[in-house]
Amino acid sequence: MHGTIQKRSSALNDRHRALGSDLSSSWNDMPIPQNYNACPYAETEIVRSKAGLFDVSALKMVNVEGPDALAFLNHLLTSDISKAKRGDSHISNIVNEDGALIDDVLVYVDGDGKYRVSHGGGSFEEAAAAAKGRFNVTVARDDDVHILSLQGPKSLEVLAPHTPMKLAELPYFHHEKTTLFGRPVEIARGGYSAERGYEVFCSAKDAEFMWDSILAAGKDQGVTPISWSCLDIVRVEGGLLFFPFDMTHGDTTPWEVRADWTVDLSKPDFIGKKALTAKKGKERSLITGLEVLHNEAIAPLSKIFSDGKEVGIVTSTTYSQHLMKSLAMAQIAPAFTKLGTELTIRDNGRDFTATVVRMPFYDPMRLRTHPVA
C-alpha cells in the first residue's frame with residue numbers, strides 16, 4: 001500500500017459490496033473485502049468442509065519474457081528456476097545484498113522463455129527494475145488478470161465438470177491453460193488455505209461471469225464467497241507465512257523463516273548469495289508454532305519470555321474455533337524452539353502460558369492439500 005492511494009481495483013467490487021463489504025481495507029494498492037456480512041468463523045467451516053470462493057486479485061502478477069528471462073530470474077531469486085519445468089508453479093524468495101527477505105514470490109513457468117511472477121507486498125518489482133538493464137528481458141505488470149481462488153475439499157468436484165482439462169490429474173503447484181464455463185482461463189492447483197484448492201486466472205472482463213458461474217456450480221455443495229478475515233484464519237491454521245508480518249527483524253533471512261528449501265547455494269551467483277552463505281547457521285530466531293492457553297487470539301508483536309528473559313516476539317495469530325485453540329506463529333531464539341517448550345507471552349500486561357508445537361497447526365501431514373494418491 002502507498003498511503004491511501006488506490007491504484008488498482010477488482011472488477012468484482014460490486015459483488016463484494018452486495019455481500020456486505022465496505023471495501024475500506026486495502027492491500028497491494030487494491031481494496032479488498034476484509035469482511036462480508038457472514039461470520040469469518042462460519043466461513044472457515046465452509047472452507048474446511050465444503051469450499052469457499054476468494055477474490056485474491058490483489059496479488060500482483062508480473063510477466064517476465066525474453067531470451068534472458070531465466071538468467072534474470074536466477075539472478076534475482078534464491079532458488080534455481082532452471083530446475084522448474086513448463087507448467088510448474090515454483091515458490092521462491094528474493095533477498096537483498098545483506099541476505100534480508102524483501103519479497104516472496106510464486107513463479108509460473110509457461111515455457112519458451114515466458115514466466116509470470118505473483119507477489120504480495122514486497123519489493124520484487126523494484127528489484128527487477130534495478131536489475132533488468134543487464135538482461136535482454138521484458139518485465140511488465142499485468143493489471144488485467146483476476147484471480148479467483150476456490151478452496152476446500154469440494155473444489156475439484158465443483159470445477160471439474162466445467163473444464164475440458166483433466167483437473168483431477170493436475171498436481172499440487174502446477175498450472176495449465178484451458179477453458180472454464182467456455183471462457184479462456186488458466187487453472188493452478190494451490191492456495192493459501194491448507195485445503196485442496198484451485199486458482200482460476202481470468203481477464204477482468206470475464207471476472208464477474210467466472211465468479212457467478214463458480215458460485216452457481218457449487219451452490220448445491222454449499223459453496224459461498226469468503227472474506228479476507230477468513231483467509232487470515234485458515235492461513236494461520238495452515239502455518240503459512242505472510243510477508244512481511246512473520247519477518248520481524250526487518251532483515252530476516254530465509255533461514256529464520258525455515259525456508260531453506262527455497263535457497264539454492266549451489267547455483268551461480270545471485271543477489272544476496274554471499275550474505276546468505278555467511279549467515280547460515282547464525283539464526284537469531286526461527287519461525288515457530290505456539291499453542292496459547294487463552295480463549296482469544298494473542299496480539300501480534302507481543303513479547304515472549306522464558307524464566308523472565310525475553311526470547312522472542314509473536315508474529316501472526318488467530319483463535320481457531322475449528323481447532324478450539326489460540327494459535328500463534330512467532331520468531332523465537334533457536335534454543336527455545338524445541339517441541340514441548342513452555343514459554344510465557346505478555347499481551348497488554350497479562351501473561352499467558354504457551355507451548356511450542358508442530359506447524360502447521362492444522363493438517364500437519366498436509367494430506368488436505370496434496371493427499372496420497
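## A walk through the fold and its salt bridges

Asp206 has a relative accessibility of 3% and therefore counts as buried, a word used here for residues under 20% relative accessible area, with exposed meaning over 50% and partly exposed lying in between (1.4 Å probe, protein chains only). Asp206 forms a salt bridge with Lys205, their closest N and O atoms being 3.6 Å apart, and Lys205 is exposed, with a relative accessible area of 70%. A salt bridge here is a side-chain nitrogen of Lys or Arg within 4 Å of a carboxyl oxygen of Asp or Glu.

The model is predicted, so local features need pLDDT of at least 70 and side-chain atom pairs count only at pLDDT 80 or more, while totals for chains, interfaces and linings use all residues. Residues are numbered from 1 along each chain as its sequence is written, and side-chain values use heavy atoms, with hydrogens and water left out.

Of the 373 residues, 56% count as buried. Among contacts (heavy atoms within 4.5 Å) with a separation of 6 or more, 66% come from residues 24 or more positions apart.

By the salt-bridge rule, the count comes to 26. One of these pairs joins the side chains of Glu186 and Arg116, with 2.3 Å from N to O. This pair links distant parts of the chain, since Glu186 belongs to strand S11 (residues 183-189) and Arg116 to strand S7 (residues 114-119), 70 residues apart. Glu186 is buried, at a relative accessible area of 6%, and Arg116 also counts as buried, at 11%.

Another pair, Arg284 and Asp251, meets in a salt bridge of 2.9 Å, N to O. Here Arg284 sits in the loop between helix H8 (273-279) and strand S14 (286-292), and Asp251 in the loop between helix H7 (228-237) and H8, 33 residues apart. Arg284 counts as partly exposed at 38% relative accessibility, and Asp251 is partly exposed at 28%. Finally, Arg8, Glu125, Arg141 and Asp143 are linked in a network of salt bridges.

Conventions: Helix = DSSP H or I, 4+ residues; strand = E, 2+ residues; numbered from the N terminus.
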